[in-house]
Amino acid sequence: MAGLRKDDPVPTEIKLHQRSRIMEVAFDDGQRFEFTYEFLRVHSPSAEVRGHGVGQEVLQLGKRDVDITRIEPVGNYAIRPVFSDGHDSGLYSWDYLYDLGERQEDLWQTYLLRLATEGGSRDPAELPPPAPPAGGCGHHH
């Protein structure tokens with residue numbers, strides 16, 4: 001799955017821009033991609049996001065404000081970003097990042113379309129108001 005062929009592009013630089021929430025990745029073939037943290041979070045390669053097969057993907061909601069608190073290197077082939085919502089099980093291999101970079105526009109449009117279709121929001125969900133206590137309409141007598 002890592003797809004580490006000798007001639008695969010390798011990142012020469014990975015920068016986190018905390019204020020703009022962008023991760024910049026420069027590859028040794030001259031390509032440079034900028035990913036929003038939100039984009040990386042909703043396209044995490046982890047099982048909890050991807051599900052276990054096509055069509056099993058779990059739509060990620062309310063990730064507009066997510067941060068990447070740090071990035072952990074994994075061998076010489078991947079990084080593991082730690083997101084502020086606690087998600088840290090996604091291993092982003094170099095070829096996965098490159099693929100995301102090349103398809104970013106399409107992937108993002110598809111994501112927005114899915115959100116619209118399923119009535120989801122990129123903004124963190126408002127917590128539903130607490131349910132009234134059982135029995136009656138919740139007024140004290």
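The lining of the largest pocket divides into 9 nonpolar, 5 polar and 6 charged residues. Here Ala, Val, Leu, Ile, Met, Phe, Trp, Tyr, Cys and Pro are nonpolar, Asp, Glu, Lys and Arg are charged, and the others, Gly among them, are polar. The model is a predicted one, in which local features need pLDDT of at least 70 and side-chain atom pairs pLDDT 80 or more, while totals for chains, interfaces and linings use all residues. Residues are numbered from 1 along each chain as its sequence is written, and side-chain values use heavy atoms, with hydrogens and water left out.

**Chain layout**

The protein chain holds 3 helices and 6 strands (DSSP runs numbered from the N terminus: H or I of at least four residues for helices, E of at least two for strands). Read from the N terminus, the order of elements is β-β-β-α-α-β-β-β-α. Of the 141 residues in the protein chain, 35% are buried (buried is under 20% relative accessible area, exposed over 50%, partly exposed in between, with a 1.4 Å probe and protein chains only).

**The largest pocket**

The largest pocket contains about 540 Å³ of space. A pocket is an open set of points on a 1 Å grid over the protein atoms alone, where a 1.4 Å probe fits, with protein on both sides within 12 Å along at least five of seven lines; lining residues have an atom within 4 Å of a point. Points are joined across faces, edges and corners, and the volume is the space filled by probe spheres set on them.

There are 20 lining residues in the largest pocket, and those nearest its centre are Val-42, His-43, Arg-50, Glu-57 and Leu-107. Helices α2 (47–50) and α3 each contribute at least two residues to this lining. The most comes from α3, which gives 9 residues.

Val-42 belongs to helix α1 and counts as buried, at 8% relative accessibility. Arg-50 is part of helix α2 and is partly exposed, its relative accessible area being 36%.

**Helix α3**

Helix α3 spans residues 94–118, 25 residues in total, yet its end C-alpha atoms lie only 31 Å apart, against the 36 Å that a straight helix would reach at 1.5 Å a residue (the expected span is 1.5 Å times one less than the number of residues). Where does α3 kink? The kink is centred on Arg-103 and amounts to about 75°, the bend being the angle between axes fitted to the seven residues ending at a residue and the seven starting there.

The buried residues of α3 include Trp-94, Tyr-96, Leu-97, Tyr-98, Leu-100 and Gly-101. Further along the helix, Gln-104, Leu-107, Trp-108, Tyr-111 and Leu-115 are also buried. An α-helix has 3.6 residues a turn, so residues three or four places apart point the same way. Gly-119, which follows α3, has a positive phi near 70°.

**Aromatic pairs**

There are 8 aromatic pairs in the model. Rings of Phe, Tyr and Trp (its six-membered ring) pair if their centres lie within 6.5 Å; planes under 30 degrees apart are stacked, over 60 edge-to-face and the rest tilted. Phe-27 and Phe-33 form an edge-to-face pair, because their ring centres are 5.9 Å apart and their planes stand at 70°. Both members are buried: Phe-27 has a relative accessible area of 3%, and Phe-33 has one of 7%.

The rings of Phe-39 and Trp-108 make a tilted pair, because their planes are at 55°, with the centres 6.2 Å apart. This pair joins distant parts of the chain, Phe-39 in helix α1 (residues 37–42) and Trp-108 in helix α3, 69 residues apart. Phe-39 and Trp-108 are both buried. Through ring pairs, Phe-27, Phe-33, Phe-35, Phe-39, Tyr-98, Trp-108 and Tyr-111 are linked into a cluster.

**Other residues and C-alpha distances**

Arg-21 sits in the loop between β1 (11–17) and β2 (22–27). Its phi is positive, about 55°, although Arg-21 is not a glycine. Most residues other than glycine have a negative phi. Arg-21 is partly exposed, with 29% relative accessible area. Glu-13, in strand β1, is also partly exposed, at 29% relative accessibility.

| Residue pair | Separation along the chain | C-alpha to C-alpha distance |
|---|---|---|
| Arg-50 and Gly-90 | 40 residues | 9.9 Å |
| Val-42 and Trp-108 | 66 residues | 9.4 Å |
| Glu-13 and Ala-26 | 13 residues | 5.1 Å |
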